[in-house]
Amino acid sequence: MNTIPDHAATQPTGFDEYPFGPDKPEEACGVFGVYAPGFAVAKMTYFGLYALQHRGQESAGITTFAGNQIHQHKDMGLVSQVFNESILDKLTGDIAIGHTRYSTTGSSRKVNAQPAVIETRLGYISLAHNGNLVNTMQLREELLKNDCNLVTTTDSEMIALAIAAEANAGSDWLAGCKRAFHRCQGAFSLAIGTPDGIMAVRDPYGIRPLVLGTIGTNPVRYVIASETCALDIIGAEYLRDVEPGELVWITADGLTSCRWSQQVPKKLCIFEMIYFARPDSIMHDESLYSYRMRLGRRLAQESLIDADIVFGVPDSGIPAAIGFSQASGIDYVEGLIKNRYVGRTFIQPTQAMRDAGIRMKLNPLKDVLMGKRVIIVDDSIVRGTTSRKLVRSLRDVGVTEVHMRISSPPVTHPCFYGIDTDSQDHLIAATKSVEEIAKQLEVDSLAYLSWSGMLEETREDTNGFCTACFNGDYPITIPEQLKRSKLMLETILT
Ligand code: SF4
């Protein structure tokens with residue numbers, strides 16, 4: 001528990017291994033904020049973060065404001081590991097900001113856990129960030145020139161410092177924030193706490209999601225969250241999305257909103273819809289479960305093959321597998337059982353355990369699968385290493401044919417906007433044809449969803465999405481230095 005920010009704490013963990021983790025892109029972060037005098041704001045934030053745990057499992061933190069007093073607790077680990085009842089009781093106040101993190105910029109250390117807290121002339125600011133800046137190096141140099149004291153290695157701290165610099169130069173919160181955001185390039189959905197109120201902000205393209213909710217009546221109180229599933233868990237009502245380029249300011253006087261950036265085309269990350277966000281979250285007026293089922297139906301129309309059963313890779317491949325079954329008439333079964341209690345483990349496995357890796361998390365149902373021709377549906381393939389192990393485990397239990405169907409197009413480019421998709425040379429589809437990938441994965445056939453299928457099934461403007469990891473068409477220019485190696489930035493900063 002810190003009644004002043006533990007800005008100087010450094011706690012290298014030394015444990016960056018994820019030996020049984022899925023071969024999947026990793027989400028960057030979940031953010032949550034609440035302005036609710038009279039409510040147990042720390043507890044609400046705890047449960048909000050609990051619902052957003054899928055967006056980051058490395059660290060979690062909550063800051064509360066009680067007037068000008070600030071309280072904070074953050075640490076490495078899952079939300080349920082970082083907080084307990086007695087810690088939450090000490091996080092008093094009317095305002096809370098929360099964060100759950102997976103690192104994409106800045107290494108995996110306690111000092112990089114968020115929210116980032118900075119003291120300014122106007123009081124403390126607490127900032128929770130989902131996304132990734134692409135001009136971090138430039139911003140860092142500007143801040144260092146102005147004698148800013150950089151403590152962490154995160155781009156999120158740099159956004160907070162840029163706001164603090166503006167506040168210290170005489171701006172009020174709103175003017176200072178707007179000026180600071182103009183210095184930031186990249187993806188950022190922010191929940192910001194101050195002694196006076198909370199802010200919800202999205203970058204001009206709206207790459208990462210951010211929603212507003214209400215709780216209580218007379219007076220109504222406001223909640224900010226990365227996804228609607230975090231509103232549901234605390235009984236808040238979904239009000240609306242925070243618009244790309246919008247700044248929402250919530251104080252004792254209620255909610256005000258302004259556009260802080262020029263209007264540019266919306267570019268929500270399509271991968272949020274395909275895989276990252278929870279299936280029970282609402283985007284574009286429907287649950288992502290419904291969208292993912294439609295992807296499966298479309299996939300069946302595009303690449304049907306004769307088989308006995310169809311099943312999905314738990315959990316994210318399941319809605320598409322159900323859709324595939326509905327459209328094809330092929331029986332849907334649960335072919336793989338997931339151990340839901342396997343998370344990030346910090347204990348090094350033995351080599352024999354490494355060899356058995358996939359079964360730590362997914363175990364094939366032998367009596368259901370033996371002697372069958374199966375269609376296995378997954379949402380994406382990144383490196384392909386886990387998929388191959390999975391296919392071998394199916395052969396081991398007597399599957400006679402394995403047909404893999406993927407409910408998105410091939411991932412050919414890395415993400416620079418807050419998702420860890422690995423560098424391009426590790427992406428299997430960047431260098432191999434579909435036939436070559438099928439051979440490497442040892443499947444009898446492989447098919448991906450078409451580009452048009454993925455976009456048309458959104459039932460939205462098909463230009464309104466970032467699709468760069470499928471075609472390299474980055475809506476925000478990526479500096480060459482950052483393009484050359486996704487690892488470069490981290491190497492320089494740490
Ligand atoms: S590059 Fe891919 S993962 Fe990154 S924001 Fe764009 S669509 Fe999403």
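# Learning to read this model

Q: Let's begin with one residue. In which strand does G33 lie?
A: G33 lies in strand β1, which spans residues 29–35. Strands (E, at least two residues) and helices (H or I, at least four) are DSSP runs, numbered from the N terminus. Please keep in mind that this is a predicted model, in which local features need pLDDT of at least 70 and side-chain atom pairs count only at pLDDT 80 or more, while totals for chains, interfaces and linings use all residues. Residues are numbered from 1 along each chain as its sequence is written, and side-chain values use heavy atoms, with hydrogens and water left out.

Q: How do I read burial, and is G33 buried or exposed?
A: Burial is read from relative accessible area: under 20% is buried, over 50% is exposed, and partly exposed lies in between (1.4 Å probe, protein chains only). G33 is buried because its relative accessible area is 0%.

Q: Which residues does G33 touch?
A: A contact means heavy atoms within 4.5 Å. Leaving out residues up to four places away in sequence, G33 touches A96, I97, A191, I198, Y222, V223 and I224. The chain can also bring together residues that are separated in sequence: G33 and L190 are 157 residues apart along the chain, and 9.3 Å separates their C-alpha atoms.

Q: How do I read strand pairing, and which strands does β7 pair with?
A: Two strands pair if DSSP finds at least two bridges between them. Strand β6 (residues 123–133) is joined to β7 by eight bridges, and the two run antiparallel. In that pairing L133 stands opposite G186. β7 also pairs with strand β8 (residues 197–202), again in the antiparallel sense, over six bridges. T194 has G197 of β8 as its bridge partner, and a hairpin of two residues joins β7 to β8.

Q: How many residues of β7 are buried?
A: In a regular strand the side chains alternate between the two faces of the sheet. Strand β7 (residues 186–194) is mostly covered, with nine of its nine residues buried.

Q: What does an open sheet look like here?
A: Look for the order β18-β17-β21-β22-β23, five strands whose pairing is parallel. β18 (331–332) and β23 are the edges, each with a single partner strand, so one side of each has no neighbour in the sheet. β22 and β23 run parallel and are joined by four bridges, with I406 opposite Y448 in β23.

Q: How do I find the buried side of a helix such as α16?
A: List the buried residues and see where they point. In α16 (residues 434–441) they are I437, A438 and L441. They lie on the same side of α16 because they cover an arc of only 105° around the axis, the arc being that of the directions from the helix axis to the C-beta atoms. The exposed residues E435 and K439 are on the face turned away from that side. The cover over the buried residues includes α14 (385–396), β22 (401–406), α15 (428–431) and β23 (445–448). After α16 comes E442, whose phi is positive, near 65°.

Q: What surrounds the ligand?
A: A residue counts as near a molecule if one of its heavy atoms lies within 4 Å of it. The surrounding residues are I207, R208, C269, I270, F271, C415, Y417, I419, C466, T467, A468 and C469. Helices α8 (270–276) and α18 (468–471) each supply at least two residues of this shell.
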